[in-house]
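This note sets out points for a colleague who is meeting the structure for the first time. They run from each chain to the contact between the chains, and then to local features.

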Amino acid sequence: MTKRSLKRGLTGFWWLTLFFLYLPLAVVVLFSFNSVNSSANFAGVSLRWYQRLLSNEQILSAFANSMVLAIVSSVIALGIGCLIGYGMYRHRHRKLGWLIVLIYLPIVLPDIVFGISEMAFFVQVHEATGWLQPGLATMIIAHVTFQIPFVALIIYSRFVGLDPTLFEAAKDLYASPLKRVRHFMLPTIKPALISAFFLSFTLSIDDFVISFFTSGPESATLPIYIWGAIKKGVSPEINAIASLMIGAVALAAVLSLIFNRRRPA
Amino acid sequence: MPGTSQHLMRRRAVVAETRHLLFSVGPGALWITLFLVLPSAYLMGVAFMTNGPYGLPQMPLTLDAFERLAGFGFLGWSPGNLYTLLRSLWQTLLSTTLVVIVAYPIAYYITTCRERWRPIMLLAVVVPSWTNQVIRTFGWMNLLAPGTPLSELAEGLGLIPPNMGLYPSNFAVTLGLVYNFLPFMVLPLYAAFEKLDGAQVEAAQDLYASPVRAFRHAVFPQTLPGLLAGIVLVAIPAFGMYVIPELLGGGKGMMLGNLVAMQFSGGSNWPLGAAGAILMLIATFIGLFAMRRIGKRLGGGEEVVI
């Protein structure tokens, strides 16, 4: 086998794999414009499923739930995660093995085990005390739990990348710790804060399993709504809402590309 | 006395540092302990309790749940649960192997392309996994349902009985798993290929090594850390997968995750579900531990972060 034919074969394999990766998404988008209710025949282009979306109360409230959940949980996780990230950095010379285990636990735990243990726990706490009724609040708690480690690790690695003498300089410059935080800490970790927020937001939007098990009857998010619709029998409206979500991801991909291009690596 | 005051100052510093540690790390540590460690400890406890009415756990403590998991029920032994376990293992093994086979050439190909294209190519591989898992799986349902071109092609080739469609089936689950996890293998393998020392490969070629031997002795050992990291990222979540078998597998494609979830929805049998969850945890930690050991023995264990 010559080098050139190897390269040609690899190129072909690359495009085939890309086709494989985008085919299911393309099918969803294509059939969202189908004028008839079928996933096998494409009869003609129409926007009727998109029109039906706008008048579907359940989908609109699911969208609102997804947004509230993602934003609120990301903000809380950002606060708590930042503190851990900084604490890990400041005390990196101590033995913090227990903390590392604690931080990696939400990452390595299979999400079905994660979701179910929270559900079982919330149900029992609710039964005993009346608190933590399954709903948006329990979902926010669960999401914050899996977002904290990612925020903490991003913030920590940002601090590790800094010159340690900067901290001494800041101490000399600003007398009060509060001023140090405002004028030195926050500005220097700003890029890390932004990327941690977006990662938390994405993780929350992307999650299905943990949300599914910690949700209540009134707090369905978009993925949970879509899941229910699929289980009940496929309706073409799902194609439309799924296409909009795919569109949002495509937009995010283009934005990240532009953003990374503009900033020299 | 200067000695005492120094001693006092040092003690004060230690106290201040400890307080600092408590205030910075404390809230998060408390949060994870309260909302994850405690719940999973509770779940493990549930596995050793008796199944009560509505599937809720009750005292006394017993090993019933584990016996049920092994197939012993009121009506004697039945292999249903064991089949589910074996199917989970088999699907994990098969899909991980397939993912490795696809990801190796892809990761290598990206490193042979121009540098400015590489980030875009990586992004192209990763972007589909940014869409929600439920939607991606739904896409495959649309593609594999009876009457679709792919199903009719398979029928025409005599691979499946007429009018059955490719889904629900075990094949659809494997496909869904490979689709879902491919990016998780490509990324670490790409990172390994990018650091690859080309001189070793050239030396192998200069010494007339066959491509297979060159791969085995020059390429494979160098990409091993990436491969191990990829296997951890693919196999562990695949074993506990819930969404894909639920949507693409049907009754005969059930995996451990579905067995566990089923015990908690509709009030079936919490202790049995909890026992299944323990099994999943054990598998997870064995997997992590084994990868660490292998990684360390082969040198390059540092790369396997988890």
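1. Helices here are DSSP runs of H or I with at least four residues, strands are runs of E with at least two, and both are numbered from the N terminus. On that basis chain A has 11 helices and zero strands. Read along the sequence, its pattern is α-α-α-α-α-α-α-α-α-α-α. The model is a predicted one, and the points below should be read accordingly.

2. How spread out is chain A when set against a compact globule? Its radius of gyration is 23 Å, whereas the globule rule gives 18 Å for 265 residues, so chain A is more spread out than a compact globule. Along the principal axes, the C-alpha trace of chain A spans about 70 × 70 × 35 Å. Of the 265 residues in chain A, 37% are buried. Considering contacts in chain A between residues at least 6 apart in sequence, 77% join residues at least 24 apart.

3. Chain B has 12 helices and four strands. Its radius of gyration is 25 Å, while a compact globule of 306 residues would have one near 19 Å. The C-alpha atoms of chain B fill a box of roughly 95 × 70 × 35 Å along the principal axes. Buried residues account for 42% of the 306 residues of chain B. Among its contacts between residues at least 6 apart in sequence, 66% join residues at least 24 apart.

4. An unreviewed UniProt entry annotates "transmembrane region" in chain A at residues 12–33, 59–84, 96–116, 136–156, 192–213 and 240–259. Two of these spans may be compared with the model. Residues 59–84 of chain A are 100% helix and 0% strand, with end C-alpha atoms 37 Å apart. Residues 192–213 of chain A are 91% helix and 0% strand, and their end C-alpha atoms lie 31 Å apart.

5. For chain B, the "transmembrane region" annotation, again from an unreviewed UniProt entry, covers residues 21–49, 89–110, 122–141, 171–193, 223–244 and 270–290. In the model, residues 171–193 of chain B are 100% helix and 0% strand, with 31 Å between the end C-alpha atoms. Residues 223–244 of chain B are 86% helix and 0% strand, and there the end C-alpha atoms are 29 Å apart.

6. Which residues form the contact between the chains? Chain A contributes 62 residues and chain B contributes 63 residues. The elements of chain A that give two or more residues to its side of the contact are α1 (3–32), α3 (57–90), α4 (97–108), α5 (111–129), α6 (136–160), α10 (222–232) and α11 (236–262). Of the elements of chain A, α1(A) gives the most to this side, with 14 residues. The residues on the side of chain A that touches chain B divide into 50 nonpolar, eight polar and four charged.

7. The largest nonpolar core has 142 residues, and those with the most contacts inside it are Ile116(A), Val151(A) and Leu189(B). Helix α7 (residues 170–194) of chain B gives the most to this core, with 15 residues. Leaving aside neighbours within four places in sequence, Val151(A) is in contact with Ala77(A), Leu78(A), Gly81(A), Cys82(A), Gly85(A), Ala196(A) and Ser200(A).

8. Helix α5(A) has 19 residues and reaches 26 Å from its first C-alpha to its last, close to the 27 Å expected at 1.5 Å a residue. Its buried residues include Asp111(A), Phe114(A), Ile116(A), Glu118(A) and Phe122(A). After α5(A) comes Gly130(A), whose phi is positive, near 85°.

9. Leu132(A) is found in the loop between α5 and α6 of chain A. Although Leu132(A) is not a glycine, its phi is positive, about 55°. Is Leu132(A) buried or exposed? Leu132(A) counts as buried because 20 other C-beta atoms lie within 10 Å, and the cut-off for a buried residue is 20 or more.

10. In chain B, a cis peptide bond joins Tyr167(B) and Pro168(B), with omega about 0°. Pro168(B) is found in the loop between α6 (149–156) and α7 of chain B.

11. Gln6(B) lies in helix α1 (residues 2–46) of chain B. With 10 other C-beta atoms within 10 Å, Gln6(B) is exposed. Gln6(B) and Leu56(B) are 50 residues apart along the chain, and their C-alpha atoms are separated by 60 Å.

How values were computed
Residues numbered from 1 in each chain as written. Chains lettered and ligands numbered in written order. Predicted model: local features only at pLDDT ≥ 70, side-chain atom pairs only at ≥ 80, totals over all residues. Contact = placed C-beta atoms within 7 Å. Nonpolar A, V, L, I, M, F, W, Y, C, P; charged D, E, K, R; others polar. Rg over C-alpha atoms; globule rule 2.2 N^0.38 Å. Buried ≥ 20, exposed ≤ 12 C-beta atoms within 10 Å, placed from the backbone. Expected span 1.5 Å × (residues − 1). Core = buried A, V, L, I, M, F, W, Y, C linked by C-beta atoms within 7 Å. UniProt positions renumbered as here; feature names shortened; annotations may be inferred.
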